[in-house]
Amino acid sequence: MMESRTQRRKSGINLPSTMSETSLRLDAFSSPPSSKLRTTNLASSPMSNRSPRTISNLSSSPSSKSASCSDRFIPCRSSSRLHTFGLVEKASPVKEGSGGGNNDAYSRLLKSELFGADFGCFSSPAGSPMSPSKNMLRFKTENAGPNSPYSPSVLGHTVTSLSNDVSTPPKPPRKVPKTPHKVLDAPALQDDFYLNLVDWSSQNVLAVGLGTCVYLWTASNSRVTKLCDLGPTDSVCSVQWTREGSYISIGTSLGQVQVWDGSQCKKVRTFGGHQTRTGVLAWSSRILSSGSRDRNILQHDVRVPSDFVSKFVGHKSEVCGLKWSHDDRELASGGNDNQLLVWNQRSQKPVLKLTEHTAAVKAIAWSPHQCGLLASGGGTADRCIRFWNTTNGSQLNHVDTGSQVCNLAWSRNVNEIVSTHGYSQNQIMVWKYPSMSKVATLTGHSLRVLYLAMSPDGQTIVTGAGDETLRFWNVFPSVKTPAAVKDTGLWSLGRTNIRALYRSFPSLSKVTHVAVVPGGGCPSQLLLAFSSNLPV
């Protein structure tokens, strides 16, 4: 007895008196250095051979001489029983005439979408089940395209490709007639890039400067009226209607600016101030601006007896382009010095100097769809249309047209812009903004298309050239009229809606007043006054 206690003290292990040290034995196992760590398969050892007191009995087989054990259990997919859960594709008998082929195809497609394209495409030796897919129990993030589970189609790329085939075809581009619907002769129409001799009023009257005379053509009845004749010592250099279309201003080669009543053919006012020809005019609501070869821009006010109220000095060569913004806050001017300047009424100096053009800037147009968006076109050495944000002076975009840009005009009906060109193609082009894709290219003039004006309805443009013709083109669609609001009457609110209002607010006792907002008729404009039972 004492001897056994002594042995237990030497071993350093306190064991019960009924257990001997020989009953507890830990057999180490050895393996070749190159072999990998093997895990014990607990499922393959019979329960009858296991002893609760011995670890050496937990071997893979009863007949093995050396035991293999480890401190953790690592499952192996090769031994997983996936067929138990129906994750492995099984061959099912197909009855004749039962459509089994379609069911198999649907089953394969469904499994491919749920478990991946490689599901069921594996082989296992001796029929042992293997892991069906490398993406099993894995968050799939490789693809976010058509196969993504977040795509609109549940079946991913297969159905997406089919839906693309039957998708709605793209809307065809708008068709623009390639030929003018009217051509007028304009004898003595000058072939001068720096003049502006055609303008169309808001009252549908076209003004054209021919030599020393100004003619008015009424579009509604094609009647031609001679407005004035400046005489043999002067000639017409520019014409511009007021926004209301009642008065027209005329710039002359002697530097004068005349204002005429278009309906009565009577001169109202004559302004001086320029030293040489006045080639461009621009009206705001109250101010008439004139640009001249003397490089100055004068501001005229018909309510003031003086010739001009202010002078803008900034160009180093002839001023050939001039346009007021639609809100009358900014004036854009272009000159033969390749500069585009932006002015306001509070300063005698330009607020913006844009010098990216490499040729004369005659074509200027403000967008009616976006505030502060300005388009400009350069001459023969430049050939570019450039778009500017006048708020910060940045250039938004530019496109090389391949020809001298003579005029620009925005459409009021759609977000498109038309340009006329000179050397070397003499074409008219319609562009879609902001993509600047070409809508149409129109040809017909034999010389530079120097003049451009738009009809009051915004659908027709007229172009003039040195070939002494005026051509009318239908290039823009009509204005989309908003759908009329149907007048549903006073009682359109409905009895059920009033009852629902009572249920929502049980404290309301009764309707005391009913009123309809003028010009309304829809339920949102029906005003009901209720009395309340709530204490005040």
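Two residues are in contact when heavy atoms lie within 4.5 Å. Keep that rule in mind for the whole tour. This is a predicted model, in which local features need pLDDT of at least 70 and side-chain atom pairs count only at pLDDT 80 or more, while totals for chains, interfaces and linings use all residues. Residues are numbered from 1 along each chain as its sequence is written, and side-chain values use heavy atoms, with hydrogens and water left out.

Start with Asp382. Leaving out residues up to four places away in sequence, Asp382 touches Glu356, His357, Thr358, Ala359 and Asp400. Asp382 sits in the loop between strand E19 (373-378) and strand E20 (384-389). Helices (H or I, at least four residues) and strands (E, at least two) are DSSP runs, numbered from the N terminus. Is Asp382 buried or exposed? Asp382 counts as buried because its relative accessibility is 5%. Buried means under 20% relative accessible area, exposed means over 50%, and partly exposed lies in between (1.4 Å probe, protein chains only). The side chain of Asp382 also reaches the backbone nitrogen of Thr358 at 3.0 Å. That is a polar contact: a pair of N or O atoms within 3.5 Å; within protein, one must be able to donate a hydrogen and the other to accept it, and residues adjacent in sequence count only if both atoms are side-chain atoms.

A salt bridge is a side-chain nitrogen of Lys or Arg within 4 Å of a carboxyl oxygen of Asp or Glu. Arg386 is buried because its relative accessible area is 10%. The salt bridges number eleven by this rule.

Another of them pairs Arg293 with Glu318, with closest N and O atoms 3.6 Å apart. This pair links distant parts of the chain, 25 residues apart. Arg293 is in the loop between strand E11 (287-292) and strand E12 (296-301), and Glu318 is in the loop between strand E13 (310-313) and strand E14 (319-324). Glu318 is buried at 7% relative accessible area, whereas Arg293 is partly exposed at 42%. Asp301 counts as buried at 8% relative accessibility, but Arg303 counts as exposed at 58%.

Now step back to the whole chain. It has 536 residues, and 39% of them count as buried. There are four helices and 30 strands. Take the contacts with a separation of 6 or more: residues 24 or more positions apart account for 45% of them. The accessible surface comes to about 31,500 Å², and 54% of it belongs to carbon and sulfur atoms. Accessible areas come from the Shrake-Rupley method with a 1.4 Å probe; for residues, only the protein chains shown count as cover.

Next, go inside. A nonpolar core is a set of buried Ala, Val, Leu, Ile, Met, Phe, Trp, Tyr and Cys residues joined through side-chain atoms within 4.5 Å. Which residues touch the most other members of the largest core? They are Leu189, Val198, Leu206, Leu227, Ile250, Val462 and Leu470, out of 33 residues. Several strands supply at least two residues each, including strand E2 (198-200), strand E5 (223-229) and strand E28 (469-474). E3 gives the most, with five residues. A second, separate core has 15 residues, among them Ala363, Ala365, Val399 and Leu408.

Finally, look at some local details. Tyr106, Leu110 and Leu114 form a nonpolar patch on the surface, with about 330 Å² of accessible area together. Patches are made of residues with over 30% relative accessible area and no salt bridge; like charges are joined within 9 Å, nonpolar side chains (Val, Leu, Ile, Met, Phe, Trp, Tyr) within 5 Å. Leu110 belongs to helix H2 (residues 100-115). A cis peptide bond joins Tyr423 and Ser424, with omega about 15°. The bond from Tyr433 to Pro434 is also cis, with omega near 5°. Asn204 is not a glycine, yet its phi is positive, near 70°. Asn204 lies in the loop between E2 and E3.
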